[in-house]
Amino acid sequence: MASSSSAAGAAAGGGVGEQRGSPSTSVSERMQKSLEDSVETLLGAFASAANQHTTSLLLELWRDEHVKYLKKGYQHLSSTYSVLDSSRPWLCYWILHSLAMLNQHYSSAVCYRSIDFLSRCQDKHGGYGGGPGQMPHLATTYAAVNALVTMGGEKALASIDREKTLQFFLRMKQPFGGFRMHDEGEIDVRGCYTAVSVAHILDIMVPELLENIPEYICSCQTYEGGIGGEPGAEAHGGYTYCGLATLALMNRVDVLDLPSLVNWVVFRQGAVEGGFQGRTNKLVDGCYSFWQGGVFSLLQRMMPELISQQEGWNGPLLAASQGFSSMSDASNCVEEVAGDETEGSVDVEKEKRTSQRPTVINQFMSTDDQLLYGPLFNAQALQGYILLCCQVLEGGLRDKPKKSADYYHTCYCLSGLTLAQDSASHRINAPPPPRAVLGPYSNLLEPVHPLCNVVLRRYYEAVRFFRHSPPVASYLG
């Protein structure tokens, strides 16, 4: 997340409404026209391919090139990366997670050096800094823990000081529900997500850590429906993902206006490009393949709550879902979830529904659970944007055509690609049908957990490890 703000700011501000080509068109409109022209050129080349073999090659994920690019970067970075000296755990995570999605294994030497480096980033009072000796920060703590979870194994997982990490989180926690990113640092929705995601994996989600978080995130939902970084800020894809994922981890998505959120996010997918923009009137960016695509992946698992809220909302939400089940099945599902609610006030009823509702977390702890609903976005179009417009021939993935590859966009383009592929799966952790994977089936990536963005098999390993670890002192009172 360290680079999400810079990625989201790649496009200049401006409105839409002037006719294209007019001398009075805004900077945003001219940039949008240039981007659409570039995308249409690439799509035109694909459409005019002479035969099926050629089209298959154009839609191929260039695994070998991406692996070489990532492994080279993990060994040595050019001096241009010195600006990310305070984001070194992020570089570890972006590269290791990308390799994991490509089903690449790490040598014992790489794991040893990585664990040693990240251990030196761990502050003696808890949390991880951007490098050895740097102050602990919630974002780099999230990156470091995810990198260690991605490597897996007892040595990596046992290197995390759970007790000190919890103490650090509690120091950053604010009474109204938000978190400071670091001592005397900014407060925004990223803090809630990074703290709660790590706490979930490490099994340190004590009540005082979660106090007032739902109310704080709810206050950040805007009139558009998306979630801003703080109350009064503009709706943004990265913050929307962070807010929604945090509430899903807490099983409190009921506090949000989900139909309004859906109404905002469905319009963030580019009609020409197929990729996602982070904010209204901005250009698409490959990283939002995950930040916005992840929102859709979570919403796909929240359909009972969506349906329940839609009863008092005027909008054809269900019609947008390419359902795996019939509408009657959906009604039965809601009835089963809601139960017999005849007692008490509205608040009691809502609390009862929330406690009985299947959680997104529980769905991922059971591989037998079925996904009753299809994606609420065009998963094929997103895969097309990533494969045709974001891949760089020399390896790595990028923001958009005419940009260079980098490790941040490689990580989040691949994360979005695997979520799009898995959006048509009928069961958790089951391979999707061939029709769901654009291009050859060899494009299929390792599945990731949409709440934590680590590969599923490593997520399960980490959860088992920490659930069987001794409870931290805070649990013991």
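**Close-up views of a predicted model**

**View 1. Ser114 and its contacts.** Skip the neighbours within four places in sequence, and Ser114 is in contact (heavy atoms within 4.5 Å) with Tyr74 and Met151. Ser114 sits in helix H6 (residues 108-121); helices here are DSSP runs of H or I with at least four residues, strands are E runs of at least two, and both are numbered from the N terminus. With a relative accessibility of 3%, Ser114 counts as buried, because buried means under 20% relative accessible area, with exposed over 50% and partly exposed in between (1.4 Å probe, protein chains only).

A word on the model: it is predicted, so local features need pLDDT of at least 70 and side-chain atom pairs count only at pLDDT 80 or more, while totals for chains, interfaces and linings use all residues. Residues are numbered from 1 along each chain as its sequence is written, and side-chain values use heavy atoms, with hydrogens and water left out.

**View 2. Thr141 in helix H7.** Helix H7 covers residues 138-151 and holds Thr141. Is Thr141 buried or exposed? Buried, with a relative accessible area of 0%. Beyond its neighbours within four places in sequence, Thr141 is in contact with Gly127, Tyr128, Thr165, Phe168, Phe169 and Val198.

**View 3. The largest pocket.** A pocket is an open set of points on a 1 Å grid over the protein atoms alone, with protein on both sides within 12 Å along at least five of seven lines; lining residues have an atom within 4 Å of a point. The largest pocket has a volume of about 450 Å³, a volume being the space filled by probe spheres set on points joined across faces, edges and corners. Helix H4 (63-75), helix H5 (88-101) and H6 each give two or more residues to its lining, and H6 has the largest share, with six. Of the 19 lining residues, Tyr74, Leu77, Arg88, Cys92 and Phe117 lie nearest the centre of the pocket.

View 4. A cavity is a set of grid points where a 1.4 Å probe fits but cannot get out.
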